[in-house]
Amino acid sequence: MKQVAIRFGRHADMIGVLALPSGPTLVVKRALLVWNTGISHRIGPQRMNVEIAQQLTAHGLPVFRFDLSGRGDSSATEGAIQSAVLDVQEAMDYLSAQYGYEEFILHGLCSGAIEAHYVAAADKRVVGLSMIDTYSYRVGNYYWHYLKKRICSKQAWTRLFRRFQGPKTSNQQQAIDQFFVPFPNIEILKTDYAAFAKRRMPCLVVFTNGYEHIFNYAGQFQDMLKGIDLTPILTLHHHSGADHLCTIIGQRERILDRLSLWIESNYLSPI
Amino acid sequence: MSTTPLFFESVGQSIFGILHEPSAGHNLREAVVICPPAPQELKKYHWAQRQMANRLQLFGYTVLRFDYFATGDSSGRSEEFNLDICQHNIRDAIAFVKASGLVRRVTVIATRLGGPLALKTLESERVKRLVLIDPVLDGSAYLSRMQTMHADMLVESPETAPFQTSDACHRQLLGFSFSEALAAQMRRLSCAVGQLKAKSVYLLQSENAANLTALQQALTASVDEVHIKTVGGKLKWDDLWSLQFQDFPNELIQETLDVVRFG
């Protein structure tokens with residue numbers, strides 16, 4: 001893998017690293033884009049975005065990781081509208097102009113996943129969407145699974161007891177404040193997924209156990225988008241062994257393997 | 001003024017750095033090299049080092065911040081992280097800023113694990129000033145603390161992840177690979193000082209951090225000026241939750257800038 005450090009954007013105020021395969025590249029000029037999770041910088045939690053680049057470039061897919069405006073090493077441009085969609089589109093424009101990439105696969109975790117959805121809905125250059133711990137609504141059998149698990153769980157009773165003992169600690173409150181991103185409206189989601197299905201855009205959705213409070217059974221995502229045939233485009237995995245930031249290496253490797261397999265089966269056709 | 005992301009070579013590997021250069025009319029011809037802490041503390045520190053670099057650039061300094069081999073954006077897999085290579089990276093980072101020809105003096109700012117690594121490197125590399133922020137004094141104690149934090153994480157967070165799997169403890173600490181070889185290097189690490197080639201050393205410690213008086217005394221033998229300052233604000237390096245947030249106290253950033261500018 002060869003890496004190139006890049007300054008880009010209308011005001012040349014965004015920073016990223018393009019990882020290029022050292023072996024054969026793809027027939028179609030495609031790249032995977034990945035950016036910040038919350039306010040942390042482009043390398044991702046436990047350097048996960050760098051690991052993604054190392055793994056996918058070995059399969060021939062270039063990976064561009066970068067910081068959105070005002071986060072990580074990118075500057076917030078005075079007077080400009082701050083928008084993840086505009087920032088990602090600037091990254092796509094740059095890679096098209098400088099490297100000739102025509103199609104893009106977006107990958108995000110948590111807030112990055114939700115931002116990736118908005119970009120995919122807004123820009124038809126996006127041909128794939130991979131999201132870890134993204135939006136989810138408590139629909140279908142969610143509450144049935146919730147109750148079933150809570151009643152039998154010693155930890156749940158302990159947690160309930162603690163809740164009566166006092167409010168959240170300042171650290172926990174700080175976590176909620178720093179990482180909270182509003183979910184898209186469910187009706188907008190349905191419209192977007194109908195469009196994704198029409199575009200035949202593959203979507204990989206992974207939920208970890210860290211999102212168990214909003215996603216707790218495998219069919220919940222389909223139940224949430226009832227009425228739309230997601231079968232041709234959706235690959236969904238529930239990794240109940242992993243935490244939200246994929247801290248344990250073995251679990252992180254399993255999730256990255258899922259991503260590699262999905263990329264391989266949907267996009268890779270070496271020269 | 002320009003801020004340039006780049007890769008420079010160190011022991012045959014590509015090391016990522018960001019070079020902050022001042023405007024031509026306001027160039028003090030002094031460089032600052034920022035040595036970061038260990039990978040698991042980088043997330044907490046990243047925004048602070050950007051703030052330091054931006055402000056020093058405005059004051060006329062050339063600043064280089066970089067990622068050690070196998071950390072951040074630099075080449076190498078996380079399991080290849082190696083303290084000996086880190087020392088080479090610091091040496092090559094200093095050589096890189098000196099190579100521009102415009103720089104007459106260099107200050108090194110090293111935080112946490114960067115501290116003992118910079119001390120070792122500066123036994124053979126001449127600089128004007130070394131600033132150590134909450135340096136790791138004893139590698140063995142540091143390793144034990146990380147192991148305790150990892151064990152706490154497995155116990156405290158089972159509600160969000162069923163961590164009690166066999167692979168959760170094997171050769172890893174706090175999300176990063178940690179081989180036996182690295183643990184052995186860490187155990188050998190200390191702030192034991194040889195003949196240092198720095199004119200002055202500033203020791204900055206945050207509230208509740210390890211006491212640096214013994215280090216100050218040890219440094220006095222080989223360095224003309226050694227200063228120690230305690231700065232308000234707790235950094236909570238030992239707090240599992242706190243490592244996830246960019247909560248570096250502004251007082252400490254300001255104090256660091258003052259030390260670089262005014263000594």
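This is a predicted model: local features need pLDDT of at least 70, side-chain atom pairs count only at pLDDT 80 or more; totals for chains, interfaces and linings use all residues.
**Strand β4 of chain A**

I began with β4(A), residues 63–66. A:Val63 and A:Arg65 point one way from this strand, A:Phe64 and A:Phe66 point the other way, and all are buried. I then looked up the pairing. β2(A) and β4(A) are antiparallel and share four bridges; A:Leu18 has A:Phe64 as its bridge partner in β4(A). β3(A) runs parallel to β4(A), and three bridges join them. In that pair I found A:Val34 opposite A:Arg65. Between β3(A) and β4(A) the chain passes through helix α1, residues 48–57 of chain A, in a right-handed β-α-β crossover.

I listed the contacts of A:Val63, leaving out residues up to four places away in sequence: A:Ala19, A:Ala31, A:Leu32, A:Val34, A:Ile52, A:Ala53, A:Leu56 and A:Thr57. I also checked the largest nonpolar core, which has 141 residues. A:Val63 is among the residues with the most contacts inside that core, along with A:Leu33, B:Val33 and B:Val108.

**Loop between β3 and α1 of chain A**

A:Arg47 lies in this loop. I noted its phi near 65°, a positive value in a residue other than glycine. Is A:Arg47 buried or exposed? I find 25 C-beta neighbours inside 10 Å, and the cut-off for buried is 20 or more, so A:Arg47 counts as buried.

**Loop between β4 and α2 of chain A**

I next took A:Leu68, which is found in this loop. A:Leu68 counts as buried because it has 24 C-beta neighbours inside 10 Å. Leaving out residues up to four places away in sequence, A:Leu68 touches A:Trp35, A:Asn36, A:Ser74, A:Ala84 and A:Asp87.

**Helix α2 of chain A**

Helix α2(A), residues 84–99, has 16 residues. From first C-alpha to last I get 22 Å, close to the 22 Å expected at 1.5 Å a residue. Its buried residues are A:Ala84, A:Asp87, A:Val88, A:Ala91, A:Met92, A:Tyr94 and A:Leu95. Seen down the axis of α2(A), these buried residues fall within an arc of 160°, so they line one face of the helix. The spacing rule I kept in mind is that an α-helix has 3.6 residues a turn, so residues three or four places apart point the same way.

The buried residues of α2(A) pack against β1, β2, β3, β4, β5 and α3 of chain A. Just after the helix, A:Gly100 takes a positive phi of about 75°.

**Strand β9 of chain B**

I moved to β9(B), residues 198–207, where seven of the ten residues are buried. β9(B) runs parallel to β6(B), residues 127–133, and six bridges join the two. B:Val131 has B:Tyr202 as its bridge partner in β9(B). β9(B) also pairs in the parallel sense with β10(B), residues 225–234, over eight bridges; there I found B:Leu204 opposite B:Lys229. With helix α6 of chain B, residues 213–220, β9(B) and β10(B) make a right-handed β-α-β unit.

**Loop between β7 and β8 of chain B**

My last entry is B:Leu174, which is placed in this loop. Its phi is near 50°, a positive value in a residue other than glycine. B:Leu174 counts as partly exposed because it has 18 C-beta neighbours inside 10 Å.

Conventions:
Residues are numbered from 1 along each chain as its sequence is written. Chains are lettered from A and ligands numbered from 1 in the order in which they are written. A residue is buried if 20 or more other C-beta atoms lie within 10 Å of its own, exposed if 12 or fewer, and partly exposed in between; C-beta atoms are placed from the backbone. Two strands pair if DSSP finds at least two bridges between them. A crossover is right-handed if, with the strands pointing away from the viewer, the path from the first strand over the helix to the second runs clockwise. The expected span of a helix is 1.5 Å times one less than its number of residues. The arc is that of the directions from the helix axis to the C-beta atoms. Two residues are in contact if their C-beta atoms, placed from the backbone, lie within 7 Å. A nonpolar core is a set of buried Ala, Val, Leu, Ile, Met, Phe, Trp, Tyr and Cys residues joined through C-beta atoms within 7 Å.
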